[in-house]
Amino acid sequence: MRLSQVGACVLLAVVSIQLVPCKGQATEFLFGTFPDNFWWSTATSSYQIEGAWNVSGKGLNIWDTYCHVGGNVNNNDTGDVACDSYNKYDEDIKLMKELGVSHYRFSISWARIFPDGTKASYNQAGIDHYEKLVDALKANDIIPMITLYHWDLPQALQDMGGWTNESLIGHFNDYADVMFEKLGPKVDLWLTFNEPFVVCWLGYGVGAHAPGIKEAGTSTYECAHTIIKSHAKAWHTYDTKYRATQKGKIGITLDSDWKEAFNASNPDDVAAADRAMQFKLGWFAHPIFVNGDYPEVMKAAVYNKSMAQGLDASRQPSFTEAEKQEIKGTHDFFGLNHYTTQLIEPRDWEFESWEQDQEAKEIRDPSWPDSGSDWLKVVPWGLRKLLSFVKDNYGNQEIIITENGVSIQSNTKEDALNDQARIDYYRGYINEVLKAIRLDNVNVIAYTAWSLLDNFEWSRGYAERFGLHYVDFDDPARPRTAKESAKYIKQLIKDHGFPDTSGGSKKQGSAIVGLCSVLGVILLKLFN
Ligand code: GBH
């Protein structure tokens, strides 16, 4: 070996030692394809893309109200026009065709169907719009997956207290019932709620989302209580009235980060990480998938903190036995949204809120890559761990990944189109899904990329772009342009995963790398 080769080996050895992550979660890339019946999808939601906020009889919803009040949303952006998908859905469908997805997940704007939230205000024009969309999708062989509630509550229902008022259980059921009746003959995949956690925490806890309520230790819990019961009632309506004839599937979509113990050999950290999982995912998943009730550890924590405050009951409402029976088992699959991971340590908090009741603190490893959103660090291995957690805790359900994706920072359109960081994100995360299926036997049946389009990113306005397609929000025509990531996803779908095309040469390559590293390590030891 020449000296330069020895040098290269040493360098390689050092690099490979550095690459071994301190907590040992990242594993080698897995080549291979997905099961034959695995399907690929992309997603949007009504308020984020439709625009057309005041046409064809639509009522006001809480995001219309929230955005129209200055100061709530970055740059005072609104969804008034958004991607104008209400008018441009044919173009959207062409983009999906080009991607090669078999499914499209979108949501219905409740206030188009019932302008004042109640069935007395039924608006046929709303149904007509979504029926046209469904027909156009089906004409293009794309299967619709409909979310009934992606956060845009009719304002009139908010005026009654929103999700802290249990009369919404009946109103949501009326709305769901009419959608099953009208579109059910053509649609067989339904989601009741998207991310009730976000609704109740950001909407009723910290007030960062509409309706902007800040009652983090009380209304947050009441909101969740009403939504869980609303989900259950709508599920039963589908189950008893429509399932036999429509033969579809209905579930809920829950969002969860993965919560990793900061120090996996410290039992306090492990317990805190589990509490954090139970407070976020278990809050909704435990009642629906396990026993009709909140996780014990969560109930106990909120109860104890409530007692310490001198209250005479827990701030978290409880379910009756009959309600538990009604809630338990209301799923045909597990809908999961996932974006990022945190490290968790125990922490005593002084105040009372959903966040502080769990006595845990989030930490982000500074080595994790950033995205265009401060909350979203790129940690692919967290998804694999989360999928195993779902399998182990909620009965090995069929899992539909209903969202996964990333925003990236870009200053120009050119930058935005050359989105290598998004390609890296998708490659890494989707590979972890493959590992979950092939190595851990998790029953993931579908993957959905968020999002088809750059769109209205809630309180961040249009500043954080999650799309596979760039949308020019300064142009009234809202033109769409495929990003590099759209081409990447198209190829990935075509390949149905990551077939190993390098054959023997790859093995040879890694043998040489292996040999070099061993040599390098020996040399390092010798010279140290
Ligand atoms: C999903 O939420 C949503 O379903 C989807 O609509 C959304 O566009 C997508 O993810 C990307 O965010 O710091 O107060 O501004 C995932 C959960 C909710 C996490 C909003 C980040 C920012 C809140 N996300 N949150 S705030």
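Some ground rules. This is a predicted model, where local features need pLDDT of at least 70, side-chain atom pairs count only at pLDDT 80 or more, and totals for chains, interfaces and linings use all residues. Residues are numbered from 1 along each chain as its sequence is written, and side-chain values use heavy atoms, with hydrogens and water left out.

Now polar contacts, meaning pairs of N or O atoms within 3.5 Å. The side chain of Asn-194 puts an N or O atom 3.0 Å from a ligand oxygen. For Tyr-339, the side-chain distance to a ligand oxygen is 3.1 Å. For Ser-459, that distance is 3.1 Å. Alone, the ligand exposes 570 Å², and the protein buries 87% of that; areas come from the Shrake-Rupley method with a 1.4 Å probe.

Next, the strands. These are DSSP runs of E, at least two residues, numbered from the N terminus. Two strands pair if DSSP finds at least two bridges between them. β7, residues 258-261, runs parallel to β9, residues 341-346, with 4 bridges. There, Lys-259 partners Gln-342. β9 also pairs with β10, residues 360-363, antiparallel, over 4 bridges. Glu-345 stands opposite Lys-361 in β10.

Conventions
Polar contact = N/O pair within 3.5 Å; in protein donor to acceptor, adjacent residues only side chain to side chain.
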